[in-house]
Amino acid sequence: MAFREKIAWVAFLSTVLIWGAFFGSLVFTPHEARGLALLGSFIVATIAQAAVMIVAATIWAIGAPAEANAPADERDRAVGRRATGFAYLTLVLGVVAVIVWLHLGLHGPDTIFALVAAFILAEAVRFGATALGYRRAA
């Protein structure tokens, strides 16, 4: 498995697990307790995602420094473009869903959480599509 594919899989799995746990806890948090009370959890999730990615990239870069420092080739760029297209569509649909939800009663901090969820979902789609793109091309 190539370096970029490994990174894509770790990014996808860590995004799903870490942010899935964050949004799962959000569902079970009473509406009145949302807002700044969840800022700490949001920061922890952000730091956890960054730490996982740093550790994974460092470990694999030490194991294969030439591959880690290699510039993106045509296949890498094609996989990235395709994954970004899927992610962009996901983000647009997520933002449209939040706008519709606003008209149906979404308000307060839930609006911010819904927009963050749309962004995180789009990133998960991008990472997953990248990882699957490498699998398919292999």
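These legends go with several close-up views of one predicted model.

View 1. Residues are numbered from 1 along each chain as its sequence is written. Because this is a predicted model, local features need pLDDT of at least 70, side-chain atom pairs count only at pLDDT 80 or more, totals for chains, interfaces and linings use all residues, and side-chain values use heavy atoms, without hydrogens and water. Along the sequence the pattern reads α-α-α-α-α. Helices (H or I, at least four residues) and strands (E, at least two) are DSSP runs, numbered from the N terminus. The C-alpha atoms fill a box of roughly 50 × 30 × 20 Å along the principal axes.

**View 2. Confidence along the chain.** The mean pLDDT (the predictor's confidence in each residue, from 0 to 100) is 92. A level of 70 or more is reached by 99% of the residues. Helix H3 (residues 65–69) has the lowest confidence, at a mean of 87. H4 has the highest, at 96.

**View 3. Helix H4 (residues 74–103) meets helix H5 (residues 109–137).** Their axes come within 8 Å and cross at roughly 155°. H4 is therefore roughly antiparallel to H5. The contact residues of H4 with H5 divide into 19 nonpolar, six polar and five charged. H4 passes H5 in a right-handed crossing. Axes are lines fitted to C-alpha atoms, for helices over the stretch in contact, and angles run from 0 to 180 degrees between N-to-C directions. Angles under 35 degrees count as roughly parallel, over 145 as roughly antiparallel, 65 to 115 as roughly perpendicular and the rest as oblique. A crossing is left-handed if the near helix is turned anticlockwise from the far one by less than a right angle, and right-handed if clockwise. Ala, Val, Leu, Ile, Met, Phe, Trp, Tyr, Cys and Pro count as nonpolar, Asp, Glu, Lys and Arg as charged, and the others, Gly among them, as polar.

**View 4. Helix H1 packs with H2 and with H5.** The axes of H1 and H2 come within 10 Å and cross at roughly 160°. H1 and H2 are therefore roughly antiparallel. Their crossing is right-handed. H1 and H5 pack at about 155°, with axes 8 Å apart. This pair, H1 and H5, is therefore roughly antiparallel too. H1 passes H5 in a left-handed crossing.

**View 5. The largest pocket holds about 190 Å³ of space.** A pocket is an open set of points on a 1 Å grid over the protein atoms alone, where a 1.4 Å probe fits, with protein on both sides within 12 Å along at least five of seven lines; lining residues have an atom within 4 Å of a point. Grid points are joined across faces, edges and corners, and a volume is the space filled by probe spheres set on the points. The lining has 13 residues. Arg4, Ala8, Arg126, Thr130 and Tyr134 lie nearest the centre. Helix H1 (3–27), H4 and H5 each supply at least two lining residues. By class, the lining has seven nonpolar, two polar and four charged residues.

**View 6. The second largest pocket has a volume of about 160 Å³.** Its lining includes Trp19, Met53, Phe119 and Glu123. H1, helix H2 (39–63) and H5 each supply at least two lining residues. Seven of the lining residues are nonpolar, three polar and one charged.
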